[in-house]
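Please look over the sequence and the fold before reading on.

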Amino acid sequence: MKERGLDGRHRDKDGTIGKKHGNTLVGTLRKIYGKGFAAGYPDAKQLSEVLAQLNETSLSQLRRDHDTGHLGRKIDQASK
């Protein structure tokens, strides 16, 4: 899943989500996707801290919204 980048750091295939929305709190994402999102992690964890360990359901929800360009808008609305 992870590949070594040219600068020596590791990158995973969902690096674009983590780079753009990595500081989003799990609690905010639960407002969007429900209480089961990132199960087992506290609301105060950042997405970048749990992204690599997300289950298939949580990850597919994020990827779908990221790929369609809706993730940023949804996060903005949930943060209000």
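What follows is a short walk through a predicted model.

The model is predicted, with local features requiring pLDDT of at least 70 and side-chain atom pairs pLDDT 80 or more, while totals for chains, interfaces and linings use all residues. Residues are numbered from 1 along each chain as its sequence is written, and side-chain values use heavy atoms, with hydrogens and water left out.

The protein has five helices and two strands; these are DSSP runs numbered from the N terminus, helices being H or I with at least four residues and strands E with at least two. Starting at the N terminus, the order is β-β-α-α-α-α-α. Of the 80 residues, 31% are buried, meaning under 20% relative accessible area with a 1.4 Å probe and protein chains only.

Helix H2 spans residues 26–33, and six of its eight residues are buried. These are Val26, Gly27, Thr28, Leu29, Arg30 and Tyr33. They pack against helix H3 (47–50), helix H4 (56–68) and helix H5 (71–79), where contact means heavy atoms within 4.5 Å. Just after H2, Gly34 has a positive phi of about 105°.

Rings of Phe, Tyr and Trp (its six-membered ring) pair if their centres lie within 6.5 Å; planes under 30 degrees apart count as stacked, over 60 as edge-to-face and the rest as tilted. The count by this rule is one aromatic pair. The ring centres of Tyr33 and Phe37 are 5.4 Å apart and the planes lie at 25°, so this pair is stacked. Tyr33 counts as buried because its relative accessibility is 14%, and Phe37 counts as buried because its value is 1%.

Technical notes
Buried < 20%, exposed > 50% of the residue type's maximum accessible area, 1.4 Å probe, protein only.
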